[in-house]
Amino acid sequence: MCYSRIRRLLTAIMLGIILYFFSVATIDFQNGVKESLNFMIATGLQTFVIVMLVVWAITNFCPSIWLLKKILPPCKWDKE
């Protein structure tokens with residue numbers, strides 16, 4: 001697999017993990033918990049993803065792509 005596809009998969013996995021933490025936090029709040037660790041984790045991860053996307057949009061530099069390019073081969077979209 002190439003770095004571009006892996007980055008998309010990692011983004012999807014990260015968003016799925018965030019969704020899981022938000023859903024568990026919802027159950028916590030329904031049970032009457034005032035402060036939920038799951039909600040704080042989900043909020044922190046979501047903020048991290050948003051900041052990384054904003055950095056990528058403003059500077060055209062994405063650290064995950066930079067790192068994955070060093071590890072994985074480039075995508076060959078023409079040769080499938």
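**Cysteines and helices**

Analyst: Cys2 and Cys75 form a disulfide, with their sulfur atoms 2.0 Å apart; the cut-off for a disulfide is a pair of cysteine sulfur atoms within 2.5 Å. This is a predicted model, where local features need pLDDT of at least 70, side-chain atom pairs count only at pLDDT 80 or more, and totals for chains, interfaces and linings use all residues. Residues are numbered from 1 along each chain as its sequence is written, and side-chain values use heavy atoms, leaving out hydrogens and water.

User: Which hand does the link of Cys2 and Cys75 have?
Analyst: Right-handed, with 80° about the S-S bond. The pair links distant parts of the chain, 73 residues apart: Cys2 is in the segment before H1, and Cys75 is in the segment after helix H3 (63-71). Helices here are DSSP runs (H or I, at least four residues), numbered from the N terminus.

User: Are Cys2 and Cys75 buried or exposed?
Analyst: Cys2 is buried, at a relative accessible area of 8%, and Cys75 is buried too, at 18%. Buried means under 20% relative accessible area, exposed over 50% and partly exposed in between, using a 1.4 Å probe and protein chains only.

User: Switching to helices: at what angle do H1 and H2 cross?
Analyst: Roughly 150°, and the axes of H1 (residues 3-30) and H2 (residues 37-59) come within 8 Å. Axes are lines fitted to C-alpha atoms, for helices over the stretch in contact, with angles from 0 to 180 degrees between N-to-C directions. That makes H1 roughly antiparallel to H2, the term for angles over 145 degrees.

User: Nice. Which residues meet there?
Analyst: Among them, Met14, Phe21 and Phe29 in H1 meet residues of H2 including Phe39, Leu45 and Trp56; contact means heavy atoms within 4.5 Å. By class, the contact of H1 with H2 has 16 nonpolar, three polar and two charged residues. Ala, Val, Leu, Ile, Met, Phe, Trp, Tyr, Cys and Pro count as nonpolar, Asp, Glu, Lys and Arg as charged, and the others, Gly among them, as polar.

User: And where does Ser36 sit?
Analyst: Ser36 is in the loop between H1 and H2, and is buried at a relative accessible area of 3%. Leaving aside neighbours within four places in sequence, Ser36 is in contact with Ala25, Asp28 and Phe29.

Methods
Helices (H or I, at least four residues) and strands (E, at least two) are DSSP runs, numbered from the N terminus. Angles under 35 degrees count as roughly parallel, over 145 as roughly antiparallel, 65 to 115 as roughly perpendicular and the rest as oblique.
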